[in-house]
Amino acid sequence: YMGGPTFSEVPINKSRGIDPSSFYKKSTCSPKTLAEEKLDSILKLSSQNEIVQIRREFSLNQKIKQDAYNSVTSFRIFPLQELAMKFLDEMMNEYRGVVS
């Protein structure tokens, strides 16, 4: 033994971690500047416009499928759904002008 401090004499700094009450406090954000508010409104509007555009494209695609199916298959009977769907895809590509 060299005469240093014993284990009981060494101060132990325990980490107390994050205070649990801090999880329940509302964060105090600085008020947004006019530019930040404008940017937020532009981003929100553009995301809404994107959603509207996706819905329009989907409904247009569905309408094209329905029109192609109704115009071509009104007098055809398919024994299997797979054949009908394959035929529908072919007719839709032809209706759109896509060459496969």
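User: Which helix holds S41?
Analyst: This is a predicted model. S41 is partly exposed, at 39% relative accessible area. The element that contains S41 is helix α1.

User: How far is the backbone oxygen of K38 from a polar atom of the S41 side chain?
Analyst: The contact pairs the backbone of K38 with the side chain of S41. A polar contact needs N or O atoms within 3.5 Å. Here the distance is 2.7 Å.

User: How many salt bridges does the structure hold?
Analyst: Side chains of opposite charge can pair when their charged atoms come close. Another is D67 with K63. The total is 2.

User: Is D40 buried or exposed, or in between?
Analyst: Buried means under 20% relative accessible area, and exposed means over 50%. D40 has 33%.

User: How many residues apart are D67 and K63 in helix α1?
Analyst: The side chains of D67 and K63 form a salt bridge at 3.1 Å, N to O. Both residues lie in helix α1, which spans residues 34–73. Their spacing is about one turn of the helix, or 4 residues.

User: What is the relative accessibility of K63?
Analyst: K63 pairs with D67 in a salt bridge. D67 counts as partly exposed, at 29%. K63 is partly exposed too, and its value is 46%.

User: Which residues form a nonpolar patch on the surface?
Analyst: F23 sits in the segment before α1. At 60% relative accessibility, F23 counts as exposed. The patch has about 450 Å² of accessible area together. Its members are I18, F23 and Y24.

User: What share of the residues of the protein chain counts as buried?
Analyst: The chain has 2 helices and 0 strands. It is made of 100 residues. With the cut-off for buried set at under 20% relative accessible area, the share is 8%.

How values were computed: Residues numbered from 1 in each chain as written. Predicted model: local features only at pLDDT ≥ 70, side-chain atom pairs only at ≥ 80, totals over all residues. Heavy atoms only, no water. Salt bridge = Lys/Arg side-chain N within 4 Å of Asp/Glu carboxyl O. Buried < 20%, exposed > 50% of the residue type's maximum accessible area, 1.4 Å probe, protein only. Polar contact = N/O pair within 3.5 Å; in protein donor to acceptor, adjacent residues only side chain to side chain. Patch = residues over 30% accessible without salt bridge, like charges linked within 9 Å, V, L, I, M, F, W, Y side chains within 5 Å. Areas by Shrake-Rupley, 256 points an atom, 1.4 Å probe, with all protein chains shown as cover.
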